[in-house]
Each structure stands twice: as C-alpha cells, then as structure tokens.
Amino acid sequence: MKNLFGVAAIMLSLSALVFADESGLLDKNAGIVTKPSKYSVKETIDRVEAAAKGVGANIFNRIDYQEMSKKVKVDIRPNELIIFGRGAGGPYIIKEAPLAGIDIPFKALAWEDSQGKVSLSYTNGSYIDKRYSVKGAAKYVANINETIEKIVSEALK
C-alpha cells in the first residue's frame with residue numbers, strides 16, 4: 001500500500017509539469033497577471049516605461065535577458081524586464097511587511113513565446129496584500145493596483 005501511495009505521489013508531481021504553461025508558471029494562483037501585447041518585446045517595455053513615467057514613476061532598471069544570455073552563449077527568445085515605482089505606497093507596505101521588498105518596486109516582464117506572440121506579465125497589488133497580509137496598508141495596495149493597471153492599459157493600447 002505504501003508503494004502505491006509513493007507511485008501516486010510521483011505521478012502527481014510529474015503531471016504538474018505537464019500543466020505548466022509556456023511561461024513556466026505552474027501555480028495559477030501566483031498573483032501574476034499576463035496580458036497579450038501587439039508590440040515587440042522591446043516596444044512593449046518601451047511603452048511600459050513611457051506610461052510609468054507618465055504617472056510619475058521612477059524607472060530603476062531594465063534588463064534584457066536575451067542580450068544577457070548571449071554573453072553565456074545561450075539562445076533565448078526576446079524577454080525583457082522593467083523595474084519601476086513611484087515610492088508613494090511601497091514604503092508603507094514595506095514598513096508593515098519588510099519581506100514585501102522582494103516584490104516592491106514593481107516589475108513587468110515582456111516575453112515572446114514559441115509562436116512569436118508577446119505577452120506582458122506582472123504581479124498585481126492584491127497578490128502582495130494576500131502574500132504579506134498588509135492589513136494596515138490596504139489603501140496603498142488598492143492605489144498600487146489602480147496605478148499598475150493604468151500603466152499596463154496605457155502601454156498595451
């Protein structure tokens with residue numbers, strides 16, 4: 001009987017790999033929102049940067065993973081990350097939950113799948129509230145959600 005449970009556990013673990021989408025995301029409740037983009041990866045991130053600056057956000061960094069991968073001779077599809085924030089709500093959240101600094105400032109990732117389709121993925125503010133239980137900073141989470149959605153909507157229009 002123990003062997004049967006062991007085999008079942010292994011099969012369940014392996015089957016989870018089958019359900020991973022092309023982004024590599026296994027857990028659909030991970031708080032990551034993915035939206036299609038009609039632009040290239042670079043143009044998508046350019047548009048996110050412009051939209052973020054349009055709401056007064058600072059751009060902390062842009063990372064072009066495809067360019068970086070060339071240095072180690074690994075061929076990957078276009079994939080670029082932007083790190084941004086206004087600093088308006090994040091400090092209140094981090095004051096209450098220091099580990100939230102892993103998710104703040106915010107990041108957005110534009111990536112191309114094997115079919116050449118580009119998507120923009122980001123963590124929403126509600127997930128940060130859920131993940132870190134920032135009850136005292138809930139109004140800042142709502143503001144962050146609103147700001148991120150405004151930036152993403154502007155970038156993808």
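Two strands pair if DSSP finds at least two bridges between them. Helices (H or I, at least four residues) and strands (E, at least two) are DSSP runs, numbered from the N terminus. The model is predicted: local features need pLDDT of at least 70, side-chain atom pairs count only at pLDDT 80 or more, and totals for chains, interfaces and linings use all residues. Residues are numbered from 1 along each chain as its sequence is written, and side-chain values use heavy atoms, with hydrogens and water left out.

Start at strand β4, residues 106-112. It pairs with strand β3 (residues 79-85) in the antiparallel sense, over 6 bridges. Ala108 of β4 is the bridge partner of Ile82. Strand β4 also pairs with strand β5 (residues 118-123). That pairing is antiparallel too, with 5 bridges. Here Ala108 stands opposite Tyr122 of β5.

Next, the hairpin of β4 and β5. There are 5 residues between its strands. Within this hairpin, Gly116 takes a positive phi near 85°.

Pro105 lies in the loop between α4 (90-96) and β4. The peptide bond joining Ile104 and Pro105 is cis, with omega about 5°.

Another loop runs between α3 (65-70) and β3, and Lys73 is found there. Lys73 is not a glycine, yet its phi is positive, at about 60°. Is Lys73 buried or exposed? Lys73 counts as exposed because its relative accessibility is 77%. Buried means under 20% relative accessible area, exposed over 50%, and partly exposed in between (1.4 Å probe, protein chains only).
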